[in-house]
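Please examine the chain shown below before reading on. This briefing describes how some of its parts are packed together.

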Amino acid sequence: MRLILVIIAFVSVLSSCVNAQKKALDNVLALEDKLKLAQDASSNRYLALEVVAAYSQFLAAYPNIESKPKLLFKSGEVLKGLGENLKAAQYFYKVHHNFPESKLAPLALFYQAHCFEIIEQRLTAKNTYEEFIERYPNHPYVEQAIGMIQLLHYSDEDLIKQFEK
């Protein structure tokens, strides 16, 4: 009888933990939905930063959650939308470095390279695109990565001249 009571107590505690986690995730997703309605993170910077903070707080509270790569990736996307490309690159790095088997890992590496390109870290962008091509040679974005590497050799003025021709 005592064993049954212990099992019931354990299941109750476990159930309440799962419910708290689900409720916390639902709150984060509700904030995310508000941001999606805004359609442009930069037009609602405060809400976008609130969403990133909510992701971070949730991941701090539940560090082993299965959806961690997805939430890190979303943080990177929101920050990229805000023009916070160095911070975004850090989140994309966490995805592809810590979760290399995640389906988001290839895209995270590609986006990281793009973030470096935007902040004019051309050599780092080139190296990151090359790493993407090496690690994911069959990915649909490989041709785009090759093209981006070629464009990195041109200055902005050179690119404008090329497009004017």
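Are helix 5 and helix 7 roughly parallel or roughly antiparallel to each other? The model under discussion is predicted. The axes of helix 5 (residues 105-118) and helix 7 (residues 142-152) cross at roughly 15°. Angles under 35 degrees count as roughly parallel, and helix 5 and helix 7 are therefore roughly parallel to each other.

**Helix 5 and helix 7**

- The axes of these two helices come within 12 Å, and the crossing of helix 5 and helix 7 is left-handed.
- Helix 5 contributes F110, H114 and E117 to the contact, while helix 7 contributes Q144, A145, M148 and L152.
- By residue class, the contact of helix 5 with helix 7 comprises four nonpolar, two polar and one charged.
- Y129 is in contact with residues including F110, H114 and E117, as well as A145, M148 and L152, when its neighbours within four places in sequence are left aside.
- The other contacts of Y129, under that condition, include A113 and I149.

**Helix 2 and helix 3**

- Helix 2 and helix 3 pack with their axes 10 Å apart, at an angle of about 160°.
- Angles over 145 degrees count as roughly antiparallel, and helix 2 and helix 3 are therefore roughly antiparallel to each other.
- The crossing in which helix 2 passes helix 3 is left-handed.
- On the side of helix 2, the residues that meet helix 3 are A48, V52, Y55, F58 and L59.
- On the side of helix 3, the partners are K68, L71, L72, K74, S75, V78 and L79.
- The contact of helix 2 with helix 3 divides into nine nonpolar residues, one polar and two charged.

**The largest nonpolar core**

- In soluble globular proteins, nonpolar side chains tend to be buried together.
- In this model the largest nonpolar core has 40 residues, and V78, Y129 and F132 have the most contacts inside it.
- Two or more residues of this core are given by each of helix 1 (2-38), helix 2 (45-61), helix 3 (68-81), helix 4 (85-98), helix 5, helix 6 (122-135) and helix 7.
- Helix 2 supplies the largest share of this core, eight residues.

**A buried charged residue**

- E32 lies in helix 1.
- Buried means under 20% relative accessible area; at 7% relative accessibility, E32 therefore counts as buried.
- Apart from neighbours within four places in sequence, E32 is in contact with V51, Y55 and K74.
- Of these partners, Y55 in helix 2 and K74 in helix 3 also belong to the residues through which those two helices meet.

How values were computed
Residues are numbered from 1 along each chain as its sequence is written. This is a predicted model: local features need pLDDT of at least 70, side-chain atom pairs count only at pLDDT 80 or more; totals for chains, interfaces and linings use all residues. Side-chain values use heavy atoms; hydrogens and water are left out. Axes are lines fitted to C-alpha atoms, for helices over the stretch in contact, and angles run from 0 to 180 degrees between N-to-C directions. Helices (H or I, at least four residues) and strands (E, at least two) are DSSP runs, numbered from the N terminus. Angles under 35 degrees count as roughly parallel, over 145 as roughly antiparallel, 65 to 115 as roughly perpendicular and the rest as oblique. A crossing is left-handed if the near helix is turned anticlockwise from the far one by less than a right angle, and right-handed if clockwise. Contact means heavy atoms within 4.5 Å. Ala, Val, Leu, Ile, Met, Phe, Trp, Tyr, Cys and Pro count as nonpolar, Asp, Glu, Lys and Arg as charged, and the others, Gly among them, as polar. A nonpolar core is a set of buried Ala, Val, Leu, Ile, Met, Phe, Trp, Tyr and Cys residues joined through side-chain atoms within 4.5 Å. Buried means under 20% relative accessible area, exposed over 50%, partly exposed in between (1.4 Å probe, protein chains only).
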